[in-house]
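Student: Hi! I'm new to this one and would like to get to know it. Can we go through it together?
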Amino acid sequence: MMIFENFTFENPSWFWLLLSIPLAVFWYWKKRDQQNASIKMSSTQGFKMSTLAKLRPLLFILKMLALVLLTIAMARPRTVDVTTKVKKTEGIDIIMAVDISASMLARDLEPNRLEALKKVAINFIEGRPNDRIGLVIYAGESYTKTPLTTDKSIIFNAINDLEYSQNIEGGTAIGMGLATSVNKLKDSKAESKVIILLTDGENNAGFIDPKTATQLATEYDIKTYTIGVGSNGMALSPVGIKANGQFEYRNIEVKIDEALLKTIAESNGGKYFRATDNQKFEAIYEEIDALEKTEIEEFKFYNYDEKYRIFLILAGGLLLIEFLLKHTLFRSFV
């Protein structure tokens, strides 16, 4: 442990006074011959300087040491003990609403849109240790894959298991995906409630209008970030299923209702993003992560232990010794 650890000075400007010490030393050296009375002699043979006379500079040294100690005392040395207390909010409740319609298997992102989503979503969740996260999936209908939870392993498993299924009605029910997400967040007590809604198409299914779902999100003070997934122009997308059960792919035009997604986001303080490739997809989740941070308050308590007294005592002791020596032992020489 270092001796001067947590050692500070309240008034360090007093150390400028130490610059006077070299000047005092120089003055003393120049005037040393005038300190005693002098007589002229033809010869000093037979005279020898006594030991006390040689020690006379000790008085000056004591004064200088006392000045140094007084300067340190005036600078107010003290040790600081810092205690830190961190207070965190309850975190943010986040629902990720993911479109799992067949078009999410399009290969304009690598290896396809759905697999690219899984990677960035897991990275996003790993950076949210204090938040509760849930997962809603939708195509022509929607349902809750996992409720809000802090158990990240449950969310990771749910995301890794995402895949297109013929058992879920075809189409893209954006309104239903949003409404289901709102239903999972409306009773949340978290200070911040967020939906990240992802789709690669247009609202063409479901019995809930996206505008109605948007109004519900606004009513419950739920912020929505929307992400349109798909490159600009054409994309190699599934258009049917072959006899062997594999998808048949063909280049078709990418159609995303960006106007709708912008309206949903802007209606309740969110933001719309467009993920045209894997890198852009990752950047979007990084930006959302930066925008939605759990607030952390840090309180620091400072306990100061003043150390100037010991320097005052030492300086006073040196001056007292100098005074006594000057008027006793060195009296004949000063």
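Student: Which residues of helix 10 are buried?
Tutor: In helix 10, the buried residues are Phe311, Ala315, Leu318, Glu322 and Leu325. Buried means under 20% relative accessible area, exposed means over 50%, and partly exposed is in between (1.4 Å probe, protein chains only). Helices (H or I, at least four residues) and strands (E, at least two) are DSSP runs, numbered from the N terminus.

Student: Where do they fall, seen down the axis of helix 10?
Tutor: They fall within an arc of 95 degrees, so they line one face of the helix. The arc is taken from the directions from the helix axis to the C-beta atoms.

Student: Before I go on, what kind of model is this?
Tutor: It is a predicted model: local features need pLDDT of at least 70, side-chain atom pairs count only at pLDDT 80 or more, and totals for chains, interfaces and linings use all residues. Residues are numbered from 1 along each chain as its sequence is written, and side-chain values use heavy atoms, with hydrogens and water left out.

Student: Back to helix 10, what span should it have?
Tutor: Its 19 residues (308-326) should span 27 Å at 1.5 Å a residue, and the end C-alpha atoms are 27 Å apart, which agrees. The expected span is 1.5 Å times one less than the number of residues.

Student: Which residues does the UniProt "transmembrane region" annotation cover?
Tutor: The unreviewed UniProt entry gives residues 12-29, 58-75 and 308-325. Such annotations may be inferred rather than shown by experiment; positions follow the numbering used here, and feature names are shortened.

Student: Is Phe9 buried, exposed or partly exposed?
Tutor: Phe9 is partly exposed, with a relative accessible area of 32%. Phe15 is partly exposed too, at 27%.

Student: Which residues do ring pairs link into a cluster?
Tutor: Phe124, Phe281 and Tyr285.

Note on methods:
Rings of Phe, Tyr and Trp (its six-membered ring) pair if their centres lie within 6.5 Å; planes under 30 degrees apart count as stacked, over 60 as edge-to-face and the rest as tilted.
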